[in-house]
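Hello,

Here is the structure I said I would pass on. Please open it and keep it beside this note as you read.

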Amino acid sequence: MKIAIFASGNGSNFQSIAEAINDGQLASEIGFVFCDNSSAFVVERARKLNIPIIVFSPKEFCSKTAYEKEILKHLTENNIQLIVLAGYMRIVGSTLLETFKNRMINIHPSLLPQFPGRYGIKEAFEARVKETGVTIHYVDDGVDTGPIIKQEKVPINDNDTLEMVEAKIHQIEHRLYPEVLDKIISKNKEWLLDGKETSTNQC
Ligand code: GRF
């Protein structure tokens, strides 16, 4: 199954998926990485791994719809069947959501519905909860609100620093995302193949 990975920053989750594919643990192909930030480290990671990377920002377009239609054009041209958000720091709009309904997933560093949004790890740490975690979920039009596919708990110990909690969470993310992708790809092909193509229009 051909996937596209959307990322805005570091790209460590992208890298773990790419490595799982290279190691033969995941029967998938990354058609391209899409990044909305040209200075993000994920751009360098993709180039090093020889994976096509498409970079542009919404600022270059007259509207969010026009921005997403350009993304959609690349998705269609590359026959992408599943969008994998991995640190993509934007709310996905209706243009992409309508075409990729049930075919777009995200990873979030908390036990949703607790601590949605950009600062999921820090907010859990500052709230002094005893456990947080990782959630993989389908994407809908809310912020980290879509149906949950898989969660894994991460304990926060009394002596943990924020950096220690971050490290524990990222370690789990890097294992869990390829695992869940493997399940989706090998067991649930049917629901991923119902997407319809959308033509691109000028704004
Ligand atoms: C991860 O913690 C992910 O859960 C969240 O954004 C972070 C991305 O990290 N959505 P990276 O760019 O993959 O290193």
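Two residues are in contact if their C-beta atoms, placed from the backbone, lie within 7 Å. Keep that in mind for His108. His108 touches Gly120, Thr135, His137 and Asp144, leaving out residues up to four places away in sequence.

One caution first. This is a predicted model. The protein chain has a mean pLDDT of 92, and 92% of its residues reach 70 or more. For the complex, the predictor gives an ipTM of 0.99 and a pTM of 0.92.

Now the annotations. An unreviewed UniProt entry lists residues 1–181 as "domain: Formyl transferase N-terminal". Over those residues the chain is 36% helix and 23% strand. The end C-alpha atoms of that stretch are 10 Å apart. The unreviewed entry also carries the annotation "active site", which covers His108.

Back to His108, then. His108 sits in strand S5, residues 104–108. Is His108 buried or exposed? The cut-off for buried is 20 or more other C-beta atoms within 10 Å. His108 has 23, so it counts as buried.

Next, the ligand. Which residues surround the ligand? They are Ala7, Gly9, Asn10, Gly11, Ser12, Asn13, Ala86, Gly87, Ile107, His108, Pro109 and Glu173. Helix H1 (12–22) and S5 are the elements that give two or more residues to this shell. By type, the shell divides into 4 nonpolar, 7 polar and 1 charged.

His174 touches Ser12, Asn13 and Ser16, not counting residues up to four places away in sequence. His174 has 18 other C-beta atoms within 10 Å, so it is partly exposed.

Then the core. The largest nonpolar core has 51 residues. Ile5, Ala7, Val33 and Val84 touch the most other members. Helix H6 (residues 162–187) supplies the largest share of this core, 6 residues. Take Ile5 as an example. Beyond its neighbours within four places in sequence, Ile5 contacts Phe14, Ile17, Ile30, Val33, Val84 and Ala86.

Last, some backbone details.

- The peptide bond from Leu112 to Pro113 is cis, with omega near 10 degrees. Pro113 lies in the loop between S5 and helix H5 (120–126).
- Phe115 is found in that loop between S5 and H5 too. Phe115 is not a glycine, yet its phi is positive, near 55 degrees. With 23 other C-beta atoms within 10 Å, Phe115 is buried.
- Asn102 is not a glycine either, and its phi is positive at about 65 degrees. Asn102 lies in the loop between helix H4 (94–99) and S5. It has 16 other C-beta atoms within 10 Å, so Asn102 is partly exposed.

Best wishes

Key:
Residues are numbered from 1 along each chain as its sequence is written. This is a predicted model: local features need pLDDT of at least 70, side-chain atom pairs count only at pLDDT 80 or more; totals for chains, interfaces and linings use all residues. UniProt positions are given in the numbering used here, feature names are shortened, and annotations may be inferred rather than shown by experiment. Helices (H or I, at least four residues) and strands (E, at least two) are DSSP runs, numbered from the N terminus. A nonpolar core is a set of buried Ala, Val, Leu, Ile, Met, Phe, Trp, Tyr and Cys residues joined through C-beta atoms within 7 Å. A residue is buried if 20 or more other C-beta atoms lie within 10 Å of its own, exposed if 12 or fewer, and partly exposed in between; C-beta atoms are placed from the backbone. A residue is near a molecule or strand if its C-beta atom, placed from the backbone, lies within 6 Å of it. Ala, Val, Leu, Ile, Met, Phe, Trp, Tyr, Cys and Pro count as nonpolar, Asp, Glu, Lys and Arg as charged, and the others, Gly among them, as polar. pLDDT is the predictor's confidence in each residue, from 0 to 100.
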